[in-house]
Amino acid sequence: MKIKFTKMHGAGNDFVVLDCTEKPFPLTEKQLRHLADRHFGVGADQILVVEKPDDNSVDFKYRIFNQDGGEVEQCGNGARCFVKYVSQRKLTDKKKIRVQTMKSVIEPELLDNGTVKVNMGMPSFTPADLPFNPAGLPTREVNGEPQWAIRFKGELWWFSVSSMGNPHVTIIVDDAAGAPVAGLGAFIEKHPAFPRRVNVGFLEIMNPHEGKVRVWERGAGETLACGTGNCAAAVTSIHAQFMESPVTLHNRGGDLTLQWEGEGENVELIGPAVYLFDSEIEL
């Protein structure tokens, strides 16, 4: 069958977007992997699916599939592309929409300067929310923030955990460019302490409002930017009093700005959303 799609990206985090508002989502896990394959398919970090909502309190349902075909809970860069897509397709005339994800409702908004702001909801620092089972791991507190460690190639790597609707580890490093993202990221992603796997961020703090970040995404590997990974890096470093809101994080694919005023407040993610092209592929 032939599938029509749109290719988009947010700070280099690239997506295939499918409109399933009129017809049911048709693809198997194998077809999703083929679609995301950069050699034999279109190529994408994630596949985003636009569907009609399950209830009238939201405007759309938003589903996300990683390169490996697995469905995941959240994608912040994808959310920005999502609102630009439904606006350009005239599926809505609203600048700000409510979107139902697997676990929560988010509110992406088109701004007048061409960027997109997304209310990503409240972060959680509770291990069970990821889920994360820390039994047996070394632990410590830094400025009241609990951290745990995993041994990799003979070295202990300390990290914080948070959930942005999906699970994240954040590791503060001296040099993001030289961090062992592929090796350590893949190791932690599949560590038994994370029964549903985990995204792994490497944060270099430049000053209280600026940093560099690289993210190993579960099911996708390192991407040029990860919206929820940037949110996780920002909120954990603010929570531990290393940084202050607003925070601008430099990714290999571009810059993202995060705003979070502390416990009980929602995280706002601001960044670009870029349309590339429309096409179709036979699967």
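**Entry 1: what I am looking at.** I am working from a predicted model, so everything below is computed from that model.

**Entry 2: cores.** How many residues does the largest nonpolar core have? I get 45, and Tyr62 and Phe82 are the ones with the most contacts inside it.

**Entry 3: Phe82.** I looked up what Phe82 touches, leaving aside its neighbours within four places in sequence. The list is Val49, Val50, Phe60, Lys61, Tyr62, Ile97 and Val99.

**Entry 4: aromatic pairs.** I searched the whole structure and found 10 aromatic pairs. I took Phe25 and Phe65 to start with. Stacked or edge-to-face? Their ring centres are 5.1 Å apart and their planes sit at 15°, so I call the pair stacked. Phe25 is in the loop between β2 (13–19) and α1 (29–36), while Phe65 is in strand β4 (residues 60–66). The pair links distant parts of the chain, 40 residues apart. Phe25 counts as buried because its relative accessibility is 18%, under the 20% cut-off. Phe65 has 5% relative accessibility, so it counts as buried as well.

I then turned to Phe60 and Phe82. Here the ring centres are 5.9 Å apart with the planes at 70°, so this pair is edge-to-face. Phe60 lies in strand β4 and Phe82 in helix α2, so the pair ties together parts 22 residues apart in sequence. Both Phe60 and Phe82 are buried.

**Entry 5: an aromatic cluster.** Which residues make up one aromatic cluster? I found Phe132, Trp148, Phe159 and Phe194 in it.

**Entry 6: surface patch.** Last, I went to the outside. Tyr275, Leu276 and Phe277 form a nonpolar patch on the surface, and together they have about 260 Å² of accessible area. Phe277 lies in strand β19, residues 274–282. Buried, exposed or partly exposed? Phe277 has a relative accessible area of 36%, so I logged it as partly exposed.

How values were computed
Residues are numbered from 1 along each chain as its sequence is written. This is a predicted model: local features need pLDDT of at least 70, side-chain atom pairs count only at pLDDT 80 or more; totals for chains, interfaces and linings use all residues. Side-chain values use heavy atoms; hydrogens and water are left out. Patches are made of residues with over 30% relative accessible area and no salt bridge: like charges are joined within 9 Å, nonpolar side chains (Val, Leu, Ile, Met, Phe, Trp, Tyr) within 5 Å. Accessible areas come from the Shrake-Rupley method with a 1.4 Å probe; for residues, only the protein chains shown count as cover. A salt bridge is a side-chain nitrogen of Lys or Arg within 4 Å of a carboxyl oxygen of Asp or Glu. Helices (H or I, at least four residues) and strands (E, at least two) are DSSP runs, numbered from the N terminus. Buried means under 20% relative accessible area, exposed over 50%, partly exposed in between (1.4 Å probe, protein chains only). A nonpolar core is a set of buried Ala, Val, Leu, Ile, Met, Phe, Trp, Tyr and Cys residues joined through side-chain atoms within 4.5 Å. Contact means heavy atoms within 4.5 Å. Rings of Phe, Tyr and Trp (its six-membered ring) pair if their centres lie within 6.5 Å; planes under 30 degrees apart count as stacked, over 60 as edge-to-face and the rest as tilted.
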